[in-house]
There are 2 protein chains.
Amino acid sequence: MAPPETRERLLDAAERHFAEHGFAGASLREVTAEAGANLAAVSYHFGSKEELFLAVVSRVVAPINEQRLELLDRAKARAKGAPLPVEEVIEILVGPVLRSATRHGTRGGCLLKLFARTQLEDATLWKRIVDGPLREVKTRIEAELARALPHLGPRDIAYRMHFTMGAVKSVAGELHMLKAFSHGLCDPNDIEATLRELVSFLAAGMSAGAKPRRAAKAARRSPKTARRSPEGRSK
Amino acid sequence: MAPPETRERLLDAAERHFAEHGFAGASLREVTAEAGANLAAVSYHFGSKEELFLAVVSRVVAPINEQRLELLDRAKARAKGAPLPVEEVIEILVGPVLRSATRHGTRGGCLLKLFARTQLEDATLWKRIVDGPLREVKTRIEAELARALPHLGPRDIAYRMHFTMGAVKSVAGELHMLKAFSHGLCDPNDIEATLRELVSFLAAGMSAGAKPRRAAKAARRSPKTARRSPEGRSK
DNA sequence: GCCATGTTCAAACGTTTGTTTCAAACAGAT
DNA sequence: ATCTGTTTGAAACAAACGTTTGAACATGGC
């Protein structure tokens, strides 16, 4: 049967509060007030504040990792054994995170903030969330990057993967600040533009030290728009 | 006269607690217990928990920005009007952050964590800290990047600056996780290696879409081996 | 209609929190 | 020895916290 309406309202309200204030800074009384629910409902439905937090974060993070794996499977099927271009691998890693903002309407801003914030919470809380799906994502993405960038050793890949995932989290968490930070030049609501810029930035960083390959060049020409000059950035 | 010893002990203990638990998650009773000070000493020396937090963060962030400006002044003096290489500009931005870890001995880990965490605290708290020095750093760094990368427009610079600063923060905050994250391949205690890798990654990302310039090419050939050209990055 | 189950509510509880108060101790100057 | 300013400490305060409890309500099955 469908979960009770109260449970959903609690998750929604808690999501906003945990995103904005963190685990310790969020108050159950404020969460339940905003949800229009009784304080005891938290214990009834989730068991504790910590379980509520885990439920909130899981429903944000789990779909992101599922999408990543799905996109990776599809891309590999299309590539028929050829290495995936770096940009595509990075897009698979980053796209589901930023796009979660647009996919969920008004939840967008705090989904990203919650995603970013989760790492800073207590390590045991975090570990309960990330084991499993994220590990698989990371392993497979690193394997694809190794194939796409054979000049890089495993240590390089590991460093750059760490930098990349860090950048994604941070950008996600501070997207709301982008407009002010850029004095109005960048529009945080334009998720697709931000995604293109970020993918380009990270793919270049990931590829540092490599000569552009023919396949990579082709991939750069292909993506989403008309032909462009070999070195030119679109638009 | 020298500040009282109690005040310093409170700042040190508070730094560890705010780094580990955030503003809301840190308890004054635990901070003062660790500092060997009375609870009322916080109000006496700082006025409130919030003022204590601001004092802690300022003494971490202020030196970083001072160093950045100093390094930038020195680099520009040496360059005698020529644009600075991208790698050097990025190193000026990133170096003081990561090196704060080694410069302060055992404080290192939590300095970085505190630096990373500060952004996620209440916006009004954050704004009180960053206005002024960080704004100047950002303005001048962006100007240097524009000179080094004339193919990029201000919007590109703004995006990439946002990505870069986000990556730095995140990497700083999660350096302690690098060993586990890389299955032992990377050593978070090797700050200089991590810095080199991060600078390379970010400089490449920042330069995306540009043809390598002769100076940049020379710098890339130089790094870890034989003597290098005048444009080469300083040790 | 009765019973069982699931859900919600108001209230209370024990704990923790940051701040405040007042007294005591300390250091330095006279 | 006294005075003053600074610093520290113990205790109390009011508020907030998350969790627990028992009662009430709604629903469905028999």
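You're looking at a predicted model, where local features need pLDDT of at least 70 and side-chain atom pairs count only at pLDDT 80 or more, while totals for chains, interfaces and linings use all residues. Residues are numbered from 1 along each chain as its sequence is written, and chains are lettered from A and ligands numbered from 1 in the order in which they are written.

Now show the interface. Of chain B's interface residues, 95% are also interface residues in chain A, so the copies meet through the same surface (contact means C-beta atoms, placed from the backbone, within 7 Å).

Next, select DNA strand D. Of the 17 residues around it, Ser27(A), Leu28(A), Ser48(A), Thr6(B) and Asn38(B) come nearest (near means a C-beta atom, placed from the backbone, within 6 Å). Helices α2 (28-35) and α3 (40-46) of chain A and α3 (40-46) of chain B each supply at least two residues of this surface (helices are DSSP runs of H or I, at least four residues, numbered from the N terminus).

Last stop: pick α9 (154-174) and α11 (191-207) of chain B, whose axes come within 10 Å and cross at roughly 165° (lines fitted to C-alpha atoms over the stretch in contact, with angles from 0 to 180 degrees between N-to-C directions). That makes α9(B) roughly antiparallel to α11(B) (over 145 degrees). Show Phe163(B) and Leu202(B), which are among the residues making the contact.

Technical notes:
Contact = placed C-beta atoms within 7 Å. Parallel < 35°, antiparallel > 145°, perpendicular 65-115°, else oblique.
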